[in-house]
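Here is a briefing on one model.

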Amino acid sequence: MIAALTLPTTLTTPGQELLLRRATLADLDALMALLADDPISASRGDLAKESDLPAYERALADLIDDPANEILLVVDAAEAVIATMQLTRIPGMARRGSTRLLVEAVRVSSSLRSGGVGTAMMRWVTDVAAPATGSSIVQLTSDEARVDAHRFYERLGFVGSHRGFKYAVDAAPRQAR
């Protein structure tokens with residue numbers, strides 16, 4: 001939990017007011033469903049299968065306990081979870097010791113996309129969360145296949161200034177040779 005963030009708070013979209021709050025272990029099923037609702041996440045194995053529950057539960061517990069991380073949910077008036085994102089505060093040496101706020105795993109329910117939820121979330125990140133955490137840069141990565149998401153982030157003022165790389169590490173420990 002990032003203590004500098006004052007939550008819960010209200011997000012305003014063109015059609016409604018929503019609640020942005022911290023995730024709890026009780027939200028696990030809703031979080032898994034949001035990940036599975038996304039075709040790219042689903043293709044990577046996020047299928048909301050009951051057999052995956054222990055892995056997600058460990059991950060969520062670790063994130064909740066980590067003072068540099070935050071898992072946030074957007075909840076509608078009926079208390080249904082409709083969106084999520086992860087924030088990570090990263091102190092750094094580059095840029096004269098700048099702190100970065102990394103935004104990851106932004107998901108809005110497929111039935112509510114293009115309704116202003118994502119815009120309200122990202123505006124809160126740039127206008128409220130970044131200053132509250134002492135971050136001078138908000139950064140995110142987005143899969144190259146997410147062309148619509150790229151247009152969305154650019155419309156909000158994000159600049160595709162870097163190219164990201166990933167290296168998959170096997171879950172099993174490597175044997176000494």
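**Sheet, helix pair and pocket**

E2 and E3 pair in the antiparallel sense, over 4 bridges. Strands count as paired if DSSP finds at least two bridges between them. Helices (H or I, at least four residues) and strands (E, at least two) are DSSP runs, numbered from the N terminus.

This is a predicted model: local features need pLDDT of at least 70, side-chain atom pairs count only at pLDDT 80 or more, and totals for chains, interfaces and linings use all residues. Residues are numbered from 1 along each chain as its sequence is written, and side-chain values use heavy atoms, with hydrogens and water left out.

**Sheet**

- The open sheet has 6 strands in the order E1-E2-E3-E4-E5-E6, and its pairing is mixed.
- Strand E1 (9-12) and strand E6 (137-140) are the edges; each has a single partner strand, so one side of each lacks a neighbour in the sheet.
- From one strand to the next, the twist averages 30°.
- E1 and strand E2 (residues 17-22) run antiparallel and are joined by 4 bridges.
- These two strands, E1 and E2, form a hairpin with 4 residues between them.
- Thr-10 has Leu-19 in E2 as its bridge partner, and Leu-11 has Leu-18 in E2.

**Helix packing**

- H1 packs on the sheet and touches strand E3 (69-75), E4 and strand E5 (99-108). Contact means heavy atoms within 4.5 Å.
- The direction of H1 makes about 90° with that of E4. Axes are lines fitted to C-alpha atoms, for helices over the stretch in contact, and angles run from 0 to 180 degrees between N-to-C directions.
- The axes of H1 and H3 come within 11 Å and cross at roughly 105°.
- That makes H1 roughly perpendicular to H3; the class spans 65 to 115 degrees, with under 35 roughly parallel, over 145 roughly antiparallel and the rest oblique.
- H1 brings Leu-28, Asp-29, Leu-31, Met-32 and Leu-35 to meet Leu-53, Tyr-56, Glu-57 and Leu-60 of H3.
- The residues of this H1 and H3 contact are 7 nonpolar, no polar and 2 charged. Ala, Val, Leu, Ile, Met, Phe, Trp, Tyr, Cys and Pro count as nonpolar, Asp, Glu, Lys and Arg as charged, and the others, Gly among them, as polar.

**Pocket**

- The second largest pocket has a volume of about 260 Å³. On a 1 Å grid over the protein atoms alone, a pocket is an open set of points where a 1.4 Å probe fits, with protein on both sides within 12 Å along at least five of seven lines; lining residues have an atom within 4 Å of a point. Points are joined across faces, edges and corners, and the volume is the space filled by probe spheres set on them.
- Its lining includes Leu-28, Tyr-56, Thr-84 and Gln-86.
- Helix H1 (28-36), helix H3 (53-65) and strand E4 (81-91) each give two or more residues to the lining.
- By class, the lining has 10 nonpolar, 2 polar and no charged residues.

**Backbone**

- A cis peptide bond, with omega about 0°, joins Leu-7 and Pro-8. Pro-8 is in the segment before E1.
- Arg-95, in helix H4 (residues 94-97), has a positive phi near 55°.
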